[in-house]
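Let's take a look at this chain together. Have the sequence and the 3D view open as you read.

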Amino acid sequence: VQLQAYGGGLVQAGGSLRLSCAASGRTLSSYSLGWFRQAPGKEREFVATISWSGRSTYYEDNVKGRFTISRDNTKNTVYLQMNNLKPEDTAVYYCAAATIYYSSSSYYQRSENYDYWGQGTLVTVSS
């Protein structure tokens with residue numbers, strides 16, 4: 001599976017961006033999907049995850065109410081709508097797919113539980 005993330009860019013604080021991550025090589029419909037981010041000088045951190053059906057989502061506390069993860073299995077794509085962006089959201093954003101199903105959302109907050117990764121897209125939020 002190859003994941004291609006795109007949609008990043010430069011935006012002012014308070015603005016919005018929508019990231020997309022398209023897959024090729026295999027359907028993502030049975031996988032849980034996630035977004036992570038890595039700011040300069042920091043470790044990669046969890047942002048959001050969505051179940052294979054799209055019915056369950058979970059967010060890191062700092063993005064709750066501002067970010068929305070969604071998926072379109074017919075397009076083999078996962079999205080991250082980011083609103084009210086803040087300078088601290090500046091990071092490279094990565095999409096990832098987990099092939100193992102686990103009932104606990106905490107499982108999908110850990111990067112080591114994902115099997116496929118996109119190359120990342122840079123989001124820069126200016127103050």
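## Ground rules

Two residues are in contact, or touch, when they have heavy atoms within 4.5 Å. This is a predicted model, where local features need pLDDT of at least 70, side-chain atom pairs count only at pLDDT 80 or more, and totals for chains, interfaces and linings use all residues. Residues are numbered from 1 along each chain as its sequence is written, and side-chain values use heavy atoms, leaving out hydrogens and water.

## The core

A nonpolar core is a set of buried Ala, Val, Leu, Ile, Met, Phe, Trp, Tyr and Cys residues joined through side-chain atoms within 4.5 Å. Buried means under 20% relative accessible area, exposed over 50%, and partly exposed in between (1.4 Å probe, protein chains only). The largest core here has 29 residues, and Trp35, Leu80, Met82 and Tyr93 have the most contacts inside it. A second, separate core of seven residues includes Ala96 and Tyr107.

Leaving aside residues up to four places away in sequence, Tyr93 touches a list of partners including Leu19, Trp35, Leu80 and Met82.

## Tyr79

Tyr79 sits in strand E8 (strands, E, are DSSP runs of at least two residues, and helices, H or I, of at least four, numbered from the N terminus). Is Tyr79 buried or exposed? Tyr79 is buried, at 11% relative accessible area.

## Two asparagines

Most residues other than glycine have a negative phi. Asn76, in the loop between E7 and E8, has a positive phi near 55°, and Asn84, in the loop between E8 and E9, has one near 50°. Asn76 is buried at 13%, while Asn84 is partly exposed at 41%.
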